[in-house]
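Me: I have a protein chain open, and I want to learn to read it feature by feature. Can we go through it together?

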Amino acid sequence: MAAIVPTDLKALGESIAAAVPGGIVVSHEVALGELTVTVRREGLIEAMTVLRDSPAFACEQCMDICGVDWPDRAERFEVVYNLLSLTHNHRIRVVTSTDESTPVPSVHGIWPAASWYERETWDMYGVVFSGQPDLRRILTDYGFEGHPLRKDFPLTGYVEVRYDEERKQVVYEPVQLTQDFRSFDFLSPWEAMTTLPGDEKAHRTQPEPQK
């Protein structure tokens, strides 16, 4: 018997909430033509298994995993899973939340390709995935400090990288801003600024008055 697939996203969200037992689905909503389903972290694996194996949903592919940082929240990180069903031609976004130390169950056993996305989320946000066999940095260097996409990560970073010609290797050094403050004059970008020998300040060359 063929599965009955909901024709609209609101009905699809209700079907998911009914198919996943135990109150795992916290909420489901449709915004901007997309369905978002929020699930509890503890029931993530069960919910994802239903979304993959149930003929009504048939999410064969995990297209992406990304993070969102909300520093003011107790569980500051949201982990967002973008799922695709080629069978039914629909997409489902699944969201769960965590803090800086509580791990999120890895879904690499459901979608093997998710291992790369989980590594990226850990690298950029510091979200830990339990059961992930290869949790290494993937976008930054192995000696990198911090997680660049956190809201409290400084824009300049903590260290800078350069190639040392004498040591013949790449070295890490604390960030040194040689020009912390610059003075710009936005009056006219076409007027030249010149500095004469002995002058302490630059002066503007004034155009000759027209006759």
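Me: What percentage of the residues in the chain is buried?
Reply: Start with the term: buried means under 20% relative accessible area, exposed means over 50%, and partly exposed lies in between, with a 1.4 Å probe and protein chains only. Here, buried residues make up 33% of the 211 residues. Keep in mind that this is a predicted model, where local features need pLDDT of at least 70 and side-chain atom pairs count only at pLDDT 80 or more, while totals for chains, interfaces and linings use all residues. Residues are numbered from 1 along each chain as its sequence is written, and side-chain values use heavy atoms, with hydrogens and water left out.

Me: How many helices and strands does the chain have?
Reply: Both are DSSP runs, numbered from the N terminus: helices are H or I with at least four residues, strands are E with at least two. This chain has three helices and 11 strands. From the N terminus on, the elements run α-β-β-α-β-β-β-β-α-β-β-β-β-β.

Me: In what order do the strands of the open sheet lie?
Reply: Strands of a sheet pair through backbone hydrogen bonds, either parallel or antiparallel. Two strands count as paired if DSSP finds at least two bridges between them. The open sheet here has five strands in the order 1-2-5-4-3, with mixed pairing. Its edge strands are strand 1 (25–31) and strand 3 (61–69), and each pairs on one side only. From one strand to the next, the twist averages 20 degrees. For such angles, axes are lines fitted to C-alpha atoms, for helices over the stretch in contact, and the angles run from 0 to 180 degrees between N-to-C directions.

Me: In which sense do strand 4 and strand 5 pair?
Reply: Antiparallel. Strand 4 (residues 77–85) and strand 5 (residues 90–98) share nine bridges. Asparagine 89 has a phi near 55 degrees, a positive value in a residue other than glycine. Asparagine 89 is exposed, at 69% relative accessible area.

Me: How many residues lie between the strands of the hairpin formed by strand 8 and strand 9?
Reply: Four residues lie between them. Lysine 168 in the turn has a positive phi of about 60 degrees. Strand 8 (residues 159–164) and strand 9 (residues 169–174) pair in the antiparallel sense over six bridges. Valine 161 stands opposite tyrosine 172 in strand 9.

Me: Which strands does helix 1 lie across?
Reply: Look for contact, meaning heavy atoms within 4.5 Å. Helix 1 (residues 9–19) lies across strand 1, strand 2 (34–39) and strand 5, and runs at about 170 degrees to strand 1. Helix 2 (residues 44–53) lies across strand 2, strand 4 and strand 5, at about 175 degrees to strand 5.

Me: How many residues does the largest nonpolar core have?
Reply: In soluble globular proteins, nonpolar side chains tend to be buried together. A nonpolar core is a set of buried Ala, Val, Leu, Ile, Met, Phe, Trp, Tyr and Cys residues joined through side-chain atoms within 4.5 Å. The largest one here has 33 residues. Those with the most contacts inside it are Ile16, Met48, Leu51, Tyr81, Leu83, Ile92 and Val94. Helix 2 gives the most to this core, with five residues. Take methionine 48: leaving out residues up to four places away in sequence, it touches Tyr81, Leu83, Val94, Val107, Ile110 and Trp111.

Me: How many disulfides does the structure hold?
Reply: A disulfide is a pair of cysteine sulfur atoms within 2.5 Å. This structure holds zero. Cysteine 59 is in no disulfide, and the nearest cysteine sulfur, that of cysteine 62, is 9.6 Å away. Cysteine 59 is buried, at 0% relative accessible area. Cysteine 62 counts as buried too, at 7%.

Me: Is asparagine 82 buried, partly exposed or exposed?
Reply: Partly exposed, at 22% relative accessibility. Asparagine 82 sits in strand 4. Its C-alpha atom is 6.4 Å from that of isoleucine 65, 17 residues apart along the chain.
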